Amino acid sequence: MLNFIKNKVNLSILIFYFMFAFSSLVLIALAEYNNGLTPTLFLKQFVFYLIGLGIIYILQKIPVDLIERFTIGIYLFSLVLLVGIFLVPNSMAPIVNGARSWYNFGLFTIQPSEFAKVATIAMISLLIKEQSFRDNSDPIKLLKILLIVSIPFILVLKENDLGNGLFFIYLFLGLVFLVSTHKKTLLNIYSVVLVVLATIILGALYFPSLLSLVGLKGYQLKRILSWLNPEAYSLDYSYQITQVLSEIKTGGLTGTFVKNKTYIDEQFNDFIFSIVAKNFGFIGAFFFLILFFIFILRLFNIVKKCEQGNYSYYFILLAICSFCFSFFINIFSTLSIIPVIGISMPFISYGGSSLMANSILLGIIIKINATIHEEYLEDEYYEYDNNDYNNYDNQFNDYSENYDYNDNYDDNPNRYRRSKRKNNYR
């Protein structure tokens, strides 16, 4: 593993994992300190990070084409885990914070919805890379995507896990933008979304009973109302976010390490950004955001190296969407820009399932990047090693018997090499 970590290609991405780990452990320790708790969560999170690093390392032993080949099986297995929540005894899947979304195995717990997000990203990547998919009309494309996304969405929603359920809606809306070829499709779907959002907000203000009839639960309605009018619910539904905002204000420009005035539940998870803002102030929060933006830019740099439209290309794009969704929803909830939803910040918030799922995404991305780097090294060998020119020529002739020369190699040699000579990260 040490050689894997020391490898410059891997380290260029792993460095962010280590920086996130350090940040997370510091923030969780501060959350426990601010609330007068013993540092038990800090120690558990440290173990989770070691396990996450082990997962990333193991994934380097698996070729990307093998992951692609078993994507359908992985997706179906994630659905089985989601369905299993409703079939096992209550002692094995207890209700936690109003949601039955965890398997409890005694020594550890697993939240299958986190892994369902990873499996859905992989399944969508497998679908939209196919030329047969791209040849379809926009409605057919979106119906196929909707079928894949809606199954885990309905199951997660049935578990009463609205936060992770919203991820699948966000994923679908992002894919609408990605795969649609007509602006009219985008306009129609996004207009419907805006109308629905406006209806929910206006309904919460003026016709709350009607929202209850369409399935919105009482506490969800109260959450929306407390967001719109926090003063009216300052003693119950908006109490927690009011205390969070109060602690953030005490941080000022440079931060403070004074303990919280009152206990803030889930500050190490849903409200972990408040620790950044309070203890390190506006300056610390600014650099924290910069770190995440640099991480996302690094991932986009890998996307540019991929063959556009292949499995790896879409997988990394959708993984970026997943990271950004969780990151910004967590911050927006903490700052009361949107109602409190309950989404963990990727790689930062306390929690094993979230960290393991994000480690899987990152591990596959690192493997894709390493594969691309290996192929570039091979390209350099074949192109520039004059001593092996004859050997290269013989190999090229062997390849030429099997390849279609409709592509113009001279115009686009990199595309030829990655899409024709190699198949291991399509």
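1. A word on the ground rules. This is a predicted model, where local features need pLDDT of at least 70, side-chain atom pairs count only at pLDDT 80 or more, and totals for chains, interfaces and linings use all residues. Residues are numbered from 1 along each chain as its sequence is written, and side-chain values use heavy atoms, with hydrogens and water left out.

2. The overall picture comes next. The chain has 18 helices and 2 strands (DSSP runs numbered from the N terminus, with at least four residues of H or I for a helix and at least two of E for a strand). Of its 426 residues, 47% count as buried (under 20% relative accessible area with a 1.4 Å probe, protein chains only; exposed is over 50% and partly exposed is in between). Among contacts between residues at least 6 apart in sequence, 68% join residues at least 24 apart (contact is heavy atoms within 4.5 Å).

3. If you enjoy aromatic rings, the whole structure holds 29 aromatic pairs (ring centres of Phe, Tyr or Trp, the last by its six-membered ring, within 6.5 Å; planes under 30 degrees apart are stacked, over 60 edge-to-face, the rest tilted). One of them joins phenylalanine 20 and phenylalanine 295, edge-to-face at 5.2 Å centre to centre with 85° between the planes. Phenylalanine 20 sits in helix H2 (residues 8-34) and phenylalanine 295 in helix H14 (residues 272-305), so this pair ties together parts 275 residues apart in sequence. Both phenylalanine 20 and phenylalanine 295 are buried.

4. Another edge-to-face pair is made by phenylalanine 257 and phenylalanine 280, at 5.8 Å centre to centre and 85° between the planes. Phenylalanine 257 is in the loop between helix H13 (239-251) and H14, while phenylalanine 280 is in helix H14, so the parts tied together are 23 residues apart in sequence. Phenylalanine 257 is partly exposed at 45% relative accessible area, and phenylalanine 280 is partly exposed at 32%.

5. Which residue lies over the face of phenylalanine 167? Lysine 117 does, at 5.3 Å from the ring centre (for Lys NZ or Arg CZ, the cut-offs are within 6 Å of the centre and within 35 degrees of the ring normal).

6. Lastly, a helix packing. The axes of helix H5 (residues 71-84) and helix H8 (residues 138-158) come within 9 Å and cross at roughly 20° (axes are lines fitted to C-alpha atoms over the stretch in contact, and angles run from 0 to 180 degrees between N-to-C directions). H5 and H8 are therefore roughly parallel (under 35 degrees; over 145 is roughly antiparallel, 65 to 115 roughly perpendicular and the rest oblique). Residues meeting here include Tyr75 and Leu79 in H5 and Leu147 and Ile151 in H8.
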